[in-house]
Amino acid sequence: MAQVEKRGGLLRKSSASKKPLKEKVVLMYDEIFMTEDPSKCSPRFWEELFLMKVNLEYLEGKLESLDGEELMKIKDNINCLFQHCIQALGEEHPIRVVNALQTLCALIRGVHQKNKSTSGFDIINMLMGFDKAELCMKNLMESLDSLLCAEGSESLKSLCLKLLLCLVTVTDNISQNTILEYVMINSIFEAILQILSHPPSRREHGYDAVVLLALLVNYRKYEVTGLLSGQLLSFFLFRQYKDKEEEHQSGFFSALTNMVGSMFIADAHEKISVQTNEAILLALYEAVHLNRNFITVLAQSHPEMGLVMTPVSPAPTTPVTPLGTTPPSSDVISSVELPLDADVQTSNLLITFLKYSSIVMQDTKDEHRLHSGKLCLIILTCIAEDQYANAFLHDDNMNFRVNLHRMPMRHRKKAADKNLPCRPLVCAVLDLMVEFIVTHMMKEFPMDLYIRCIQVVHKLLCYQKKCRVRLHYTWRELWSALINLLKFLMSNETVLLAKHNIFTLALMIVNLFNMFITYGDTFLPTPSSYDELYYEIIRMHQSFDNLYSMVLRLSTNAGQWKEAASKVTHALVNIRAIINHFNPKIESYAAVNHISQLSEEQVLEVVRANYDTLTLKLQDGLDQYERYSEQHKEAAFFKELVRSISTNVRRNLAFHTLSQEVLLKEFSTIS
């Protein structure tokens, strides 16, 4: 039975007995896949080819269908096609340029499918030949640079960026992608940054440009060449920020701001989900990590982040894309950004990032969200140990309302957004850490994330102690969360010890309390805050007593946890001194006054009256920490993350979205 068929270049079937007709471009592709040079019989072959609408599906499919031996037989023709594509990029006729760009994308993708396990050397040889590779790539990068920097077609720029992403992700491990050597030699950074610095181009191409930069900076990152490219990118980005500072905008960060802001998706029932987007988070991380001067931008107000006070219409719930490598649609960007605050105020990238983190970090059961949560905490770690960032976070003159997402829990009421206090941003960071602590005590315990969370808190306290910043914060919420976490570790000792060294985390928690005990008088807001610390320790003494019993038991046995447990035992010395000093006095006060249960104020009265006779030991190193180092501790995580992002970027690249009709309309003014 006759059937209409368009796939694979077939135009139609007039009857069951006749073969389907092929598009002219498909016939021309078939000539390329012969061993003879197609231009021998048709001198205008290459000129005519790029006037034909590209059939991506057929070209890629044809390349994939050939085995290695068949592909090598037509290598000269593929090399010739690749070179003529590059030549066509210099043509004045935009249709030729578009068709050449799409053909290059199809060629690269098709050849990649035949060389999945290779390092890129075979791909270079197959596409352009080793002997001509350097010149080919130089000409290609120069053409792409010109197209990206030129005034005019946004469609051409879009295709240029997609071609670059195609080149970058041609191998799963981008550090083994030899093609990138040529990309790095013929730097494309300036052109990408020019796109990001121009608001209309940024809106159109910001996602692809930011992801491209994030991937490029991870090429051979831990080698000398990688470090140099990272420093080079860092220089470009910072210079661009300085150039634009007077205009109150930075292209790269404005793009990031829009990307991070657009990752929020809410439904009508106020249940908040989010598109996990490791590619954009990676870009933000690289920007903060490569050059800490970029942290200044976190505090900069951005015009495009002005709050919209009209009601936000709920968007339909959309399925989450693994690793979030598909750019958010423009309607999501414009209509679904969560209102940050109850009142109109200026916002900044850090507030948007904190809100995003509060949503991502609520659910760490999924592997991709676990990676996103880890990346958020790593970014916060870099921020928390930066002097300038801390100065901004703790600035009493810079107050914000930050509406963090709080996971619904049976035992607490939902906080009213209108009652959010206006506070320094460090309060929002601490709130985020407290929220994580209280909501992730579960069977699949995210130990690594908990350690990072406590480290962030510790680094903030170190800054407060060093600079004597008296932060007006509800410290009791933090103390309560930490004690409940200790109780959870003890209640699940057997299960958790089978997978984790819980004593590392327990020691960090105990030392946070030691930090408050030893230095609290230098950074707690009032003397009564210091009294409340003692009250909480005394009130929850049973938890500390139980912890001491557990670690004492394990430190006196000859088991694997002996050394780790003994460290916690020694760290508890001052907490136990406080409990042993005040408890008898509180009991005596109750007995003398015939009170069965003392009020908080009565306990505090006993505490204040007996400070003088309390003896504590000076503990060294409480305000010291090891600075974050990616290369030594996080390299494996980032290598795997970049591999996943690269794979997903390649999988989600779409070249078929540009119809010939759209292009003709766009170029209608061009003769």
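How many of the chain's residues count as buried? Of its 671 residues, 56% do. The model shown here is a predicted one, and the views below take a few parts of it in turn.

View 1. Start here to get your bearings. Take the contacts in the chain with a separation of 6 or more: 78% of them are accounted for by residues 24 or more positions apart.

**View 2. The largest nonpolar core, made up of 210 residues.** Leu101, Leu140, Leu216, Trp475, Phe503, Leu505 and Phe513 are the ones with the most contacts inside this core. Helix H25 gives the most to the core, with 15 residues. In soluble globular proteins, nonpolar side chains tend to be buried together. Now pick out Leu101: leaving aside neighbours within four places in sequence, Leu101 is in contact with Leu89, Leu144, Leu147, Leu156, Leu159, Cys160 and Leu163.

**View 3. Helices H22 and H25, side by side.** Two packed helices are described by the angle between their axes and the distance between the axes. H22 covers residues 447–467 and H25 covers residues 502–523; their axes come within 10 Å and cross at roughly 15°. That angle is under 35 degrees, so H22 and H25 are roughly parallel to each other. The crossing of H22 past H25 is left-handed. On the H22 side, the contact includes Met447, Tyr450, Ile451, Ile454 and Leu461, while H25 brings residues including Leu505, Met508, Leu512, Phe516 and Phe523. Sorted by class, this contact holds 16 nonpolar, five polar and one charged residues.

**View 4. Helices H8 and H9, packed at an angle of about 145°.** H8 runs over residues 130–149 and H9 over residues 154–168, with their axes 9 Å apart. H8 passes H9 in a left-handed crossing. From H8 come Met137, Leu140, Met141, Leu144, Leu147 and Leu148; they meet Leu156, Lys157, Cys160, Leu161, Leu163, Leu164 and Leu167 of H9. The contact divides into 12 nonpolar residues, no polar ones and one charged.

**View 5. Helices H18 and H19, crossing at roughly 145°.** Here the axes of H18 (residues 349–360) and H19 (residues 367–384) come within 9 Å. This crossing, too, is left-handed. Look for Leu350, Phe353, Leu354, Tyr356, Ser357 and Val360 on H18, and for Arg369, Ser372, Gly373, Cys376, Ile379, Leu380 and Ile383 on H19. By class there are nine nonpolar, three polar and one charged residues in the contact.

**View 6. Ile188, in the loop between helices H10 and H11.** H10 spans 179–185 and H11 spans 189–197. Ile188 has a relative accessible area of 2%, which is under 20%, so Ile188 is buried. Not counting residues up to four places away in sequence, Ile188 touches Met141, Leu144, Asp145, Leu148, Leu164, Val183 and Leu216. Glu142 sits 46 residues from Ile188 along the chain, with 8.5 Å between their C-alpha atoms.

**View 7. Pro38, in the loop between helices H1 and H2.** H1 is 24–32 and H2 is 45–49. Is Pro38 buried or exposed? Its relative accessibility is 5%, so Pro38 counts as buried. Setting aside residues up to four places away in sequence, Pro38 touches Glu31, Ile32, Phe45, Trp46 and Asn77. From Pro38 to Cys80 is 42 residues in sequence and 9.9 Å in space, C-alpha to C-alpha.

Methods
Residues are numbered from 1 along each chain as its sequence is written. This is a predicted model: local features need pLDDT of at least 70, side-chain atom pairs count only at pLDDT 80 or more; totals for chains, interfaces and linings use all residues. Side-chain values use heavy atoms; hydrogens and water are left out. Axes are lines fitted to C-alpha atoms, for helices over the stretch in contact, and angles run from 0 to 180 degrees between N-to-C directions. Helices (H or I, at least four residues) and strands (E, at least two) are DSSP runs, numbered from the N terminus. Angles under 35 degrees count as roughly parallel, over 145 as roughly antiparallel, 65 to 115 as roughly perpendicular and the rest as oblique. A crossing is left-handed if the near helix is turned anticlockwise from the far one by less than a right angle, and right-handed if clockwise. Contact means heavy atoms within 4.5 Å. Ala, Val, Leu, Ile, Met, Phe, Trp, Tyr, Cys and Pro count as nonpolar, Asp, Glu, Lys and Arg as charged, and the others, Gly among them, as polar. A nonpolar core is a set of buried Ala, Val, Leu, Ile, Met, Phe, Trp, Tyr and Cys residues joined through side-chain atoms within 4.5 Å. Buried means under 20% relative accessible area, exposed over 50%, partly exposed in between (1.4 Å probe, protein chains only).
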